[in-house]
Amino acid sequence: MSSGDDELRVDDAIIATPFIRTSRGVVVAAPFELMATLRHLIGVEAVNHSCGSTLTKAASAFAARVVTNLFEVICDDGLEEAEHSSSQLRLFKGRFDTDKFLDLWIRVESFDNYDPTTIDQEPVVQRGGSELANVDGTGDRTLVVDVVWSHGAGAHSFTGTDENLHLTGLYPEFETILHSPGTHQLTLWYFAQALDRARSRALMMMTSTEDAYAFYDSGSEQSFYASDDSSPTAIFIAPGDGEELRRTVAERIGKTYVHRGRRTYEAVLVHGGATTVRQVVGPGCVYFAELPHARVWVESSSPSAPNAPVDELAEAACFWLYKLGMEFSELLEAQQSDEIKVGIEVTGWDVQPGGSQDSWIEYQVSDTEGVLTLKVATPPVIESGDPPNALDRLLVSALIKALKASATAPTAADSVVLLNSLTPPGQCRMLHVADQNADPVTWPGQLPAPRRAVSAVVATLLDDLGSHLKERGRIAGPISDDRRTKVLNTEVVPYFGDRLAAHLAEQDDSELLRHLILANEALLREGHVEHKTFASRVACFGRQSDIVERFSKNMTESANTAVSSRFLIEYVSGNPTAGASTVTAESYDMMVALASEVTNKGFLSEAIHAEISTATVSILPSGRLGIARDDDRWVTSLHSFLLSHASTAVESIMRTAQSEHQKVESQDEEFDLTPHDRVATIEFGFSFSDLSDFIGKLLDLSSTKGQNDVGKLTVAMVRDHFVAEFQWEIEKADRILDALSMAPEEDFWKLGAKVHPWRYNRDRSYLRRPLIRRMTKEGDAVIFGHRNTFLTPMHWYGQYDSGRLKATTPEMKKALSEAINRKGEQFENQVEAAIAGICYPVRRRVWKIGKYDLRKIDGLNLGDIDLVGYHTPSRTVLLIEAKSLQASRTPSELRNEITNILEGPHSAVARLNGRYQWALGHIDSIRNELGIPPGSITLKPMIVIDDDLVTREFNRSPFPIVPLDQLVETLDGLRTTRRSSKRARRR
């Protein structure tokens, strides 16, 4: 026997018997091979007792349960096992996304014919399977997932088929993929399609499906697009590419196994690494948490209240018990057992809150087992003086009382002190109960899960566009600057627009419109819920949790998807479809992706045309359309704005979360809408109050008809109802209906800027016109989403209050001018607040300095200076012109803003320069006015804007133009510059 064989035998022996007794105790000789040791011992025992087949069947049953639990969430109605399934090859089939099928093959390692003489043997799994594919003729819509279930190391993956849409891997690989951030029902479907496309173009070399998915999921899009260079002939995915993804997912889900009865179940972390609270993956609603001296179990049920949020109640109770155990462990240590069990039984849960705070939660303690039972009824109404976490405080109070009652020994902790220490009045809460009447936007209703734009679909479209341009004769190379907009407007946008039109035309009009409205309602609700719950989540889990990063990311993604979602409704409202297809998640993802590309490329074209964007356009060697934005200040500034906008929202909510709850009674008088209603009536023929009343009663009417989420009412019914309800004339009801409606158009795109989704402040938009007109068998009808319609009056008034409304009457134009002035004053207040801490004094609207009136200087009106401030560290007098830009402006509107700032005798630069030149000759007057001590001072004129969404053209300004969020940093730079100058003079 060779020396190599001898070494192999020694290794086998060490793994088979890894424990070595020494004088100092037991030493583990092969600590990293203990799983192989256990597997080998189980196999040996199975051979010795002739029960290999029985063991294989038991392992098969466990594997089937665990694997199907993972994959059942993909299917619409679960998985069913096929007749020709066996213990070594379990076969399941399910339908997903309406028109697709999942064939799940589970290959279980067999202990039959196990060789007890060696550790290193190839796991025995049943091969084959290709004969099972496409037996029902649905191959092009069937995803085959081939899962290898191994009891130890050394397993390999076999497919037995070269069919498309076929993924093979070990169970842990699919577990990693399906628990990765952002996964959804079609994650594996899109991944398999992308893998097939990549294999059709290049030789794919990879060692695992997990590594391939990590490569596919990296970067800005989900695809196998490797680079902008020429398409590769081979793609090699290095072994271990998926290690980081595997580690990240493992840390986030923290999977472990728990025993319930005679069964073992998986349990995963609910809050990432912030707590040890886990949810048990199995029947019922069970949560548990590991604590240093105890383990807490919470099980929730609602046999008589099917609408009750049992998961939210169980999670909240488990979270607070975890907090109790971590901060006041003596209360849990005093229990009868270190296994603390809490049962929550919901005895009733009405749609609207209305219970009593005294009787909302009642507790019982089992005398024999020490099990705590909480009986929960309909939650009480939270009054205006109650803290936001009133319900959580009631829950925690009941838990504390129950734990004290079941303690085996008295505890010194006072219940009220414990409650206020653990759950002080404020934002720290886990329970969020929606009230349909008070907050209809966050009401869950019967909405689908929200779907954002899917990068895998967008990546496919970008590849398709490249092929289309190649067919038109486009070859690799730059597109000249003077032809960029022409290519975008005549080749790119029409390509996506035509595909969108063809895709939508296949759908049934009524079903499509309802689906689009519901999808938009889901996005609206998600955004509002995230804003409402974010403060409490941060208060509970801390700023360092991944919730802040996830919130910021979701905010940007949702905003982009929302634009596409609204455009789809606007387009279909003007172009009724005549197809018969049913909308699926896949077809909806394609609609959103196409709408997104129409919007993005149209926006870019307009930005280039307005000379706002300097992006270069080319055909890349890979064949894709290339858009180089790295040096485009417009794009980078827009990206910075989105990030800062999300950051600002986060910081605002953080301040709320970190502050203690205080009962604030408003001293302000009730807002008087009368003057605003007057100008609205002149402009529209109805007032803002009329609009609000109309929307409220419309939603009430829809609800009385049993309509949830989406309303559908005949125009005649609506008209008659409002004439009777408000004694309006028919003409007035029709006027409001027409102002809020979008109807079919003869030629949608001929409406031009009115329908361009990249244009803001359009009259024909779903935000402004939430009612979709359709001729139905009942007659002329309006179809609308409840949440979007509810928000419409706020949108109308917001456009008016911001000065963005497009007016036709002198009265409204005057009111909008006043609104713009108010906005300017508000921005000046923001600038003043920003510099007040580092400048003194600070003066606003300075028109008089000493004896000089700036409105009367040598016969000229120089106007007032928005802000004057003295920066003591640098001995600099700041002359600030505050200019508020509006982030929701189109590129052409921003071009006008640039002109107003930079060009002409009445520009901001020209006005500021006139005041600066005067100030240079009157420094002593300024010193005396501001009370500046003797010594040299410097004048520093600057223009402060709210967001830098403009191009490098600001570099042409003779004065610095500073975004507000960079103002303090800029002033700190003045101090540094002055110190450097002093050091230079001293040398």
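A residue counts as buried when its relative accessible area is under 20%. Keep that cut-off in mind while touring this model, which is predicted.

**Stop 1: a salt bridge under cover**

Select Glu109 and Arg39. The two form a salt bridge, and their closest N and O atoms are 2.5 Å apart. Glu109 belongs to the loop between β5 and β6, while Arg39 belongs to helix α2 (residues 34-48), so the pair ties together parts that are 70 residues apart in sequence. Is Glu109 buried or exposed? Its relative accessible area is 1%, so Glu109 is buried. Arg39, at 7%, is buried as well. Side chains of opposite charge can pair when their charged atoms come close.

**Stop 2: the sheet**

Now show residues 80-81 and β7 (residues 166-170) as a cartoon, together with what lies between them in the sheet. This is an open sheet of 5 strands in the order β3-β4-β5-β6-β7, with mixed pairing. Its edge strands are β3 (80-81) and β7, each of which pairs on one side only.

Move to β4 (residues 89-96) and β5 (residues 100-108). These strands run antiparallel and are joined by 8 bridges. Select Phe92 to find Leu104 of β5 opposite. Then go to β6 and β7, which run parallel and are joined by 5 bridges. Here Val147 has Gly169 in β7 as its bridge partner. How many of the 5 residues of β7 are buried? The number is 4, and the strand is mostly covered.

**Stop 3: aromatic rings**

A search of the whole structure finds 33 aromatic pairs. Start with Phe62 and Trp149, an edge-to-face pair with 5.9 Å from centre to centre and 75° between the planes. Phe62 is in helix α3 (residues 52-71) and Trp149 is in strand β6 (residues 142-149), so this pair ties together parts that are 87 residues apart in sequence. Phe62 is partly exposed at 26% relative accessibility, whereas Trp149 is buried at 10%.

Next select Phe684 and Phe688. Their ring centres are 6.3 Å apart and their planes are at 70°, so this pair is edge-to-face. Phe684 counts as buried at 15% relative accessibility, and Phe688 counts as buried at 6%.

**Stop 4: charges over rings**

Select Arg624 and Tyr225. The charged end of Arg624 sits over the Tyr225 ring, 3.8 Å from its centre. For another such case, select Arg855 and Trp847: the charged end of Arg855 sits over the ring of Trp847, 3.8 Å from the ring centre.

**Stop 5: further salt bridges**

The whole structure has 50 salt bridges. One of them joins the side chains of Glu725 and Lys697, at 3.5 Å from N to O. This pair links distant parts of the chain, with Glu725 in helix α20 (residues 715-726) and Lys697 in helix α19 (residues 688-704), 28 residues apart. Glu725 is partly exposed at 35% relative accessibility, and Lys697 is partly exposed at 29%.

**Stop 6**

Val26 lies in strand β2 (residues 25-28). With a relative accessible area of 53%, Val26 is exposed.

Key. Residues numbered from 1 in each chain as written. Predicted model: local features only at pLDDT ≥ 70, side-chain atom pairs only at ≥ 80, totals over all residues. Heavy atoms only, no water. Helix = DSSP H or I, 4+ residues; strand = E, 2+ residues; numbered from the N terminus. Buried < 20%, exposed > 50% of the residue type's maximum accessible area, 1.4 Å probe, protein only. Phe/Tyr/Trp six-rings, centres within 6.5 Å; stacked < 30°, edge-to-face > 60°. Lys NZ or Arg CZ within 6 Å of the ring centre and 35° of its normal. Pairing = 2+ DSSP bridges. Salt bridge = Lys/Arg side-chain N within 4 Å of Asp/Glu carboxyl O.
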